[in-house]
Amino acid sequence: MKKLFQHGLAVGLVLLFAGFSYGQKTVTGTIYDGETNESLIGANVLVKGTDAGTITDIDGTFSVDVPAGANTLVISYTGYQDQEVDVTGTSSVTVMLDKGQLLDEIVVVGYGSQSEKEITSAVVKVDAEDFNQGNITDPAQLLQGKVAGLQVYNRGGDPNGNSTIRLRGLSTVGSNAEPLVVIDGIIGASLDNVDPNDIESINVLKDGSAAAIYGSRGSSGVIIVTTKSGGKDEEIQLTYNGQLSTSSPVNSVQNMTAAEFVAAGGTDLGSSTDWLDEVTRAGLSHIHSLSASGGIGNSSFRVSTNFRNVDGILTNSGFDQFNTRVNLSTKAFNDKLSIDFNSSFTNRDQQNGFVEALRYAVLYNPTAPVFGDQSPFPFNSEQFGGYFETLGLFDSFNPVAIANLNRNDGQRREFNYGATLGYRLMDALTVNFRFARQETDYANQIYYPTTSNFNGGATSPTRKGLAEFYQQDLTFNLYEYYATYLADVGNSSLTLTGGYSYQEDTFRDNFFSLGDFPNNEYDFSGIVEASQDLQEAGFIGANSNVSPDSKIIAFFGRANLVVDNAIFLSAALRREGSTRLGTNNKWGLFPSLSAGVDLANYLGMSNVDLFKVRLGYGVTGSLPPLPGLSQPQRQIVNAPDGAVSTELTRAANDSLKWESKAEINFGIDYAAGRFSASLDLYNRDISDFILNRAVDAAIFGFNRRWENAGKLNTKGIELALNYDVVNNSNFTYNTGVVLSTYKTILEEYVVPAETRGNLGAPGQNGTNMILVEEGEEIGRIWGPVFESVDAEGSPVFRDVNGDGMLVTAQDKALDPEVDFEVLGNGTPDLEFGWTNQLSFGKWSVNAFIRGAFGHSLVNTFRAFYEPRVSTQSSYNYIDTPKGEEGLTTARFSSLYVEKADFVKIDNLTISRGIDFGAGGIDGAVVSLTLQNPLVITGYTGTDPEPSLVDSGAADNGGRGFVNTQDVLSPGIERRNSYFASRSVTLGLNLKF
């Protein structure tokens, strides 16, 4: 501060000796914080239209000579709004500065950055202090509920499961519906390879005009992650973050106790077992993160190491993870050359566990014992590893045996590195080169011992035990060259960016399985040569895949124009080619254009900091989900005589092209003092889905190939509000709300209408629950309407069309006379997030509340096991208030479609800062975080959060269609769902 004072004094003396011209006057004054009335040291005071100026001294006072003809002072201070003061006829002023909004905050966009005020697209920045808190296992969870229009759902909270991420609803049917992730400029980087503690900020590019610069990779939106960088001080700063968490199940399925089950007529095996309690636990997790950052001269660095040990609430599920990251930056040649290097490595050993244990814990007989020696009848428990099994029943397995006897382990390694070199050829022109590489290896091993009744064949007289091995390797390379040119002309500034991008990725995997092991003496997954399958042809399962190299070549350019610091224009064009497309359609153009104007500059709105109206249009594309889909596919055929040949399994399509998305976005950004708001209205049209569809074999040589077909339209509204309710030195309170709503209409499809989303077994195979129809909304749940129960215990359905004939057969689901109707929709009508941040003294409180309204879920647990079916008396019953007395027939209807509206306290954090006078500790913060402490919902299933994709039915030991993610069938809660959890986290942050 002394240097600032001396500098201010020197400037004042220079102006004094130079200012004895005619008409000059001296103006003095004091500048204060508008909230606290505290004086501001080092505030800038400039005479508008001249070079004259000064800064305030230690008391917040200043003295400046104002030349003749000048009458306005411009006052500015970091973190406060600039203010112009008219000094006509006065020589003394008092100025109160408002903190307001930081409109000059830098926001990272594709291949560059802009000040927040200049943004003409729908772009949102979330800083680290605004992230969700607590036991975060997936970086995507940091943003849950924080950005209007961004959906992040990890239903149930499987620690090894990835969140489903959607930006403005469904953006594609046949391609990748997840947003593109860019980490420190590296396109397509993996969120799994960045630790949440290393993230500085996340920018979300929501509309087409913002994402078009990324071409085919940006159709589902773009999430740009900026990791923490090194400091500028020579002193090294060490930071430690530690967390200790415990998690417990919440909202488990409501089934019967043993006593209730027996009273309801269930088969009594003499024990009383809470199976859900037997397969779940209090998951204990601990996280340790240590970072070192600093700088020397023009160089800076940050190195971090992160350890995560996370236990899931399901027995034998969780992971151990080690992650390290290095960020280096330096400048050379008189700061003309800049070099930024970053690298990250992650090793994760995970117990995937068996979510089926939760499914069977809900339906398994509650009077059955856990162990075979407690059986009410003679039972060979040694054959089943000591556990009891209800033999002879369909789809009935001891859940504790599933969780404890079997093993499902995975190991993932990710390594990436990248560097960006920038060279300033002249003050206005900088050229950049970026290269990056990412390698991902994943191995999974599943072992069912000879004693496992669940997929292990323990009851088989010949073939017992099974081992499955899967290996996947992915490699991605990126090379980019681009230049940026800056030009200032009068009151206008122009930024031009142009470049070239080359991306290449490869994929390979292999799988094999074998079994029939001699005994249970060893874990034979490590001694596969003992498998008797090696002696018998046809029992070994094996397959492998190697993709053709997938390459993208792109040329791109963008121009940003700012006029009068109030009119903003942006235009971009990307020409891109991909090897994934047919030879006739390898190249595409992706243009964008957007404009904005700050009306506050022209409407005399003196108390308004920003009133920007913006309009943007952009076109993006989507690529086929896998390489080679435009090419013919053949498979090996082994003839009985030993001859080997091939046969066609997919026809070629040389005209396969980009899926296209055209989006228009209208937005308003408003800021006045402590209040800010942002409103976006958008309309997006998606066409030419990339689908595997039936074709005429006589024409194409086979009856299926990948083609472009279909149209989708989404309209939506997003609103974000933020207000500093109180902002002074003793107490601050900030609150913010984000709301979003959208509707997606399927305008064209490969068939006019179809049903999908099969309910499955037992007894309801062929029961499809979702109606997909041209001209209608995505996610409609379709079926008969329940009215009552007849004397025989069967459901009575409504005559929907009133024709006196009840038609409810599934094979008539699409007939005009069917008595079905829309029972609900799987996508929410409204989603909101409400942030509340308070600080007082050394204490702070952060409460985040989130909710969704208007969506429904099919509760498949109820659909199978709530009716008192006489043939299912050996399975537990679901017992909810929504059940119907006397119903003894299980058949899907509106009875099992529930409104799943919810409001929850997502996380509540209370923290306190601690000062240390000595001991080498600069400061500490201790915190307590509750996640899911309160959930308000009428839904009776495991989790009321929307189910945006359907993984398919599973039964009788099946594990579902793991690789099938049906985006056209939202709204189904399957029986293989991981249960939601509630956690308490104690945190400690230390700075040295």
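**Strand pairing, cores and domains in a predicted model**

In strand E24, the bridge partner of arginine 437 is asparagine 477. The structure is a predicted model, in which local features need pLDDT of at least 70 and side-chain atom pairs count only at pLDDT 80 or more, whereas totals for chains, interfaces and linings use all residues. Residues are numbered from 1 along each chain as its sequence is written, and side-chain values use heavy atoms, with hydrogens and water left out. Helices (H or I, at least four residues) and strands (E, at least two) are DSSP runs, numbered from the N terminus.

Strand E24 also pairs with strand E25 (residues 492-515), in the antiparallel sense and over 24 bridges. Within that pairing, leucine 466 has glycine 515 of E25 as its bridge partner. E24 and E25 form a hairpin with two residues between them, and glycine 490 in the turn has a positive phi of about 60 degrees.

The loop between E23 and E24 (466-489) contains glycine 457. With a relative accessibility of 24%, glycine 457 counts as partly exposed; the term covers the range between buried, under 20% relative accessible area, and exposed, over 50%, with a 1.4 Å probe and protein chains only. Leaving aside neighbours within four places in sequence, glycine 457 is in contact with Ser452, Arg463 and Lys464, where contact means heavy atoms within 4.5 Å. Its C-alpha atom is separated by 8.8 Å from that of aspartate 516, a residue 59 positions away along the chain.

The side chain of arginine 412 makes a polar contact of 2.6 Å with the side chain of glutamate 414. Such a contact is a pair of N or O atoms within 3.5 Å; within protein, one must be able to donate a hydrogen and the other to accept it, and residues adjacent in sequence count only if both atoms are side-chain atoms. Not counting residues up to four places away in sequence, arginine 412 touches Asp192, Gln321, Thr346, Asn347, Arg348, Asp441 and Tyr442.

The interior may be approached through helix H5 (residues 356-363). Eight of its eight residues are buried, so H5 is largely enclosed by the rest of the structure. Among these buried residues are Glu356 and Arg359 as well as Leu358, Val362 and Leu363. They pack against helix H4 (275-279), helix H6 (399-405) and helix H8 (860-865).

The largest nonpolar core has 67 residues, and those with the most contacts inside it are Phe689, Phe892 and Leu968. A nonpolar core is a set of buried Ala, Val, Leu, Ile, Met, Phe, Trp, Tyr and Cys residues joined through side-chain atoms within 4.5 Å. The elements that give two or more residues to this core are H4, H5, H6, strand E23 (429-448), strand E40 (764-773) and H8. H5 provides the largest share, six residues. Apart from this core lies another, of 25 residues, including Phe131, Ala189, Val225 and Leu478. Leucine 968 touches Leu170, Val173, Tyr749, Arg756, Ile770, Val772 and Ile778, residues up to four places away in sequence not being counted.

Strand E53 (residues 981-991) has two pairings to follow. With strand E17 (residues 237-249) E53 pairs in the antiparallel sense over eleven bridges, and glutamine 243 stands opposite glycine 987. Nine bridges join E53 to strand E51 (residues 923-937), also antiparallel; here threonine 929 has threonine 985 as its partner.

A separate open sheet consists of three strands in the order E4-E1-E7, with mixed pairing. Strand E4 (61-66) and strand E7 (92-97) stand at the edges with a single partner strand each, so one side of each is left without a neighbour in the sheet. Strand E1 (residues 25-33) and E7 run parallel and are joined by six bridges, with threonine 30 opposite threonine 94.

At the level of the whole chain, the division is into domain 1 (2-97) and domain 2 (239-545 + 555-983), with bounds that come from an automatic or database domain assignment. The C-alpha centres of the two domains lie 56 Å apart.

Terms used: Two strands pair if DSSP finds at least two bridges between them.
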